[in-house]
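Colleague: I'm new to this one and would like a close look at a single part. Could you walk me through it?

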Amino acid sequence: MAISVMNKNVPTFPGLLREEKPFCFTPTREAGLKQLKTFTPQTGRRYSALRNYDFGPEKRDNVSLLSPWIRHRLVTEEEVIKATLSRFSLSTAEKFILEVFWRSYFKGWLEHHPMVWESYRNDLREALTEIDGDKELFSRYEKAVSGKTDLECFNYWVRELTQTGYLHNHSRMWFASIWIFTLRLPWSLGADFFLRHLLDGDAASNTLGWRWVAGLHTKGKIYLARQDNIRKYTDNRFDPSGLSADYSPINERTTHHTEPIAPPGEIPGGEFILLITDEDCLVSELLTSKPSSIVGFLATKYRSPLEVAEVVKQFSRGAMADAMHLASGKIAGTAGSRKEIFELLLNAAKKDKVNQIVMVEPNCGPVKAGLADLENALVREGLRMHFIRRGYDDLVWPHTDKGFFKLKKKIPELVSRI
């Protein structure tokens, strides 16, 4: 499909780069820091003016593309904020800084409302059962995930997502809206499709993003994809007709109560084993002493009851390999299931003669699901888990129990403390 040049209505900036081929996401910290350095000069007014435009996979220089590295914490939110504010004032880079804090908000909000993740997983299981018994629904679902609908833009985004593992944020919103309100498919199946194919697939951002579009996160307020909006912000690449004009939000029976977040643990005295997950590949930088051994846990298969895309598995494997390389200590091995991790930890503990294990506290999502009941099993073997948390999360999450505006008001104070 040919991609048009930018039209005269798109804001222009000096030095606007153009990619000749889709961006390549290399799963290493070095590559992530290089991309941060490359994009930092664009995080001011240029980002604010151009961020909503999806010019296609060959023209991604108007957005940071940092999300896969941040999701695996090969690059941290603090590093992105500090780099941006070393170049621009908070007022100049406000739009970009807000995007960083939106991710932090979703992570914290889900920790305050853990049953939302469980509710999504239950909804997904019910939806998968439903399409197994409903031929018409299954047919519509198959057409959607294979990019064979009557909407050219939607089919294009399916191909782009499945081939590259990435979609522009604006296109993710259009996609979700079309999935829910035009194609009339269960939102949980769409959220699952994203989580299986996105390199930056994150339980909090993905689940709450889909809920926001559906009118579940902000009750009664939906996001409806519009023809004129898609036409403008895809630079006339797409002009879809037949989109739903139905503003009826989805209703849910469950009320999700706010729960307090428990305080983090501390790094123990004495020797310990370090457990690294693909949720935080830089945990070793939080340590004050060297672990006796290092074990890695890849949780990609726990993203979904369905098969996770190979491109996602490859990025996560690469991120974990880089994390193990960057950490200082003896590598005991990497595994992708609770049983395998249990055996690795048990063997390392016996070999090293230690009884303590340290890891970053798992958030609601695949890692926590994959490690369910692991702590109890280790306790029975005389081992103790110590869960630590990043200071950034401790700083931000107390302000994420309600709407984003509560956190937004605190951003000037938070960035000064960061």
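Which residues have the most contacts inside the largest nonpolar core?

Modeller: A quick note before we dig in: this is a predicted model, where local features need pLDDT of at least 70, side-chain atom pairs count only at pLDDT 80 or more, and totals for chains, interfaces and linings use all residues. Residues are numbered from 1 along each chain as its sequence is written, and side-chain values use heavy atoms, with hydrogens and water left out.

Now, your core. Phe-101, Trp-157, Phe-175, Ile-178 and Trp-179 have the most contacts inside it, and it holds 109 residues. By nonpolar core I mean a set of buried Ala, Val, Leu, Ile, Met, Phe, Trp, Tyr and Cys residues joined through side-chain atoms within 4.5 Å; buried is under 20% relative accessible area, with a 1.4 Å probe and protein chains only. Helix α5 (residues 94–112) gives the largest share of this core, 9 residues. Helices here are DSSP runs (H or I, at least four residues), numbered from the N terminus.

Take Phe-101. Beyond its neighbours within four places in sequence, its contacts (heavy atoms within 4.5 Å) include Ile-81, Tyr-392, Phe-404 and Ile-418. A second, separate core of 22 residues has Ala-299, Ile-341, Leu-374 and Met-385 among its members.

Have a look at Glu-77 too, in helix α4 (residues 77–85). Glu-77 is buried, at 2% relative accessible area. Setting aside neighbours within four places in sequence, Glu-77 touches Ile-70, Val-100, Arg-103, Ser-104 and Tyr-392.

Note on methods
Buried < 20%, exposed > 50% of the residue type's maximum accessible area, 1.4 Å probe, protein only. Helix = DSSP H or I, 4+ residues; strand = E, 2+ residues; numbered from the N terminus.
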